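Please read the following report alongside the sequence and the 3D view.

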Amino acid sequence: MSTPASAPAPPGGPRSAVRRRATQQHQQNVANQRPSSTRAAGAGGSSSTMLKLYTDEAAGLIVDPMVVMVLSIGFILSVVALHIIAKITNKLIGN
């Protein structure tokens, strides 16, 4: 039993290694190019370094947006609760 001629090649192998190497070389070439203008160099606006701060490859703490939302709502609720507690204790104690 033979495989059909249109069967896809298995993943990996020498072709994907060559593709990976070519992609890495292209990325290095793009990174080594000098900016053609002062704005591209970062002298008056966003630059490529600023853009790197907001990518998935950025180093640092990665927090899910839902976690930020829950923590901020929890903080707001705690401030409101403290205000209510202060009002109640002021009425009971302060007269």
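## Confidence in the model

This is a predicted model, and its chain averages a pLDDT of 75, with 56% of the residues scoring at least 70. Among the elements of the chain, helix α3 has the highest mean pLDDT, at 94, whereas helix α2 (residues 48-52) has the lowest, at 62. Where pLDDT is low, the predicted coordinates should not be read in detail.

## Overall fold and exposure

The secondary structure comes to 3 helices and 0 strands, and reading along the sequence gives the pattern α-α-α. Of the 95 residues of the chain, 2% count as buried, and the chain exposes about 9300 Å², of which carbon and sulfur atoms supply 63%.

## The annotated segment

An unreviewed UniProt entry lists residues 66-86 as "transmembrane region". In the model, the chain over residues 66-86 is 100% helix and 0% strand, and the C-alpha atoms at the ends of this stretch are 30 Å apart.

## A nonpolar surface patch

Which residues form a nonpolar patch on the surface? The patch is made up of Phe75, Ile76, Val79, Val80, Ile84, Ile88, Leu92 and Ile93, which together have about 830 Å² of accessible area.

One of these patch residues, Ile84, lies in helix α3, which spans residues 65-94. Ile84 counts as partly exposed because its relative accessibility is 47%, a value that falls between the cut-offs of 20% for buried and 50% for exposed.

Definitions and conventions. Residues numbered from 1 in each chain as written. Predicted model: local features only at pLDDT ≥ 70, side-chain atom pairs only at ≥ 80, totals over all residues. Heavy atoms only, no water. Patch = residues over 30% accessible without salt bridge, like charges linked within 9 Å, V, L, I, M, F, W, Y side chains within 5 Å. Areas by Shrake-Rupley, 256 points an atom, 1.4 Å probe, with all protein chains shown as cover. Salt bridge = Lys/Arg side-chain N within 4 Å of Asp/Glu carboxyl O. Helix = DSSP H or I, 4+ residues; strand = E, 2+ residues; numbered from the N terminus. Buried < 20%, exposed > 50% of the residue type's maximum accessible area, 1.4 Å probe, protein only. UniProt positions renumbered as here; feature names shortened; annotations may be inferred. pLDDT = per-residue confidence, 0-100.
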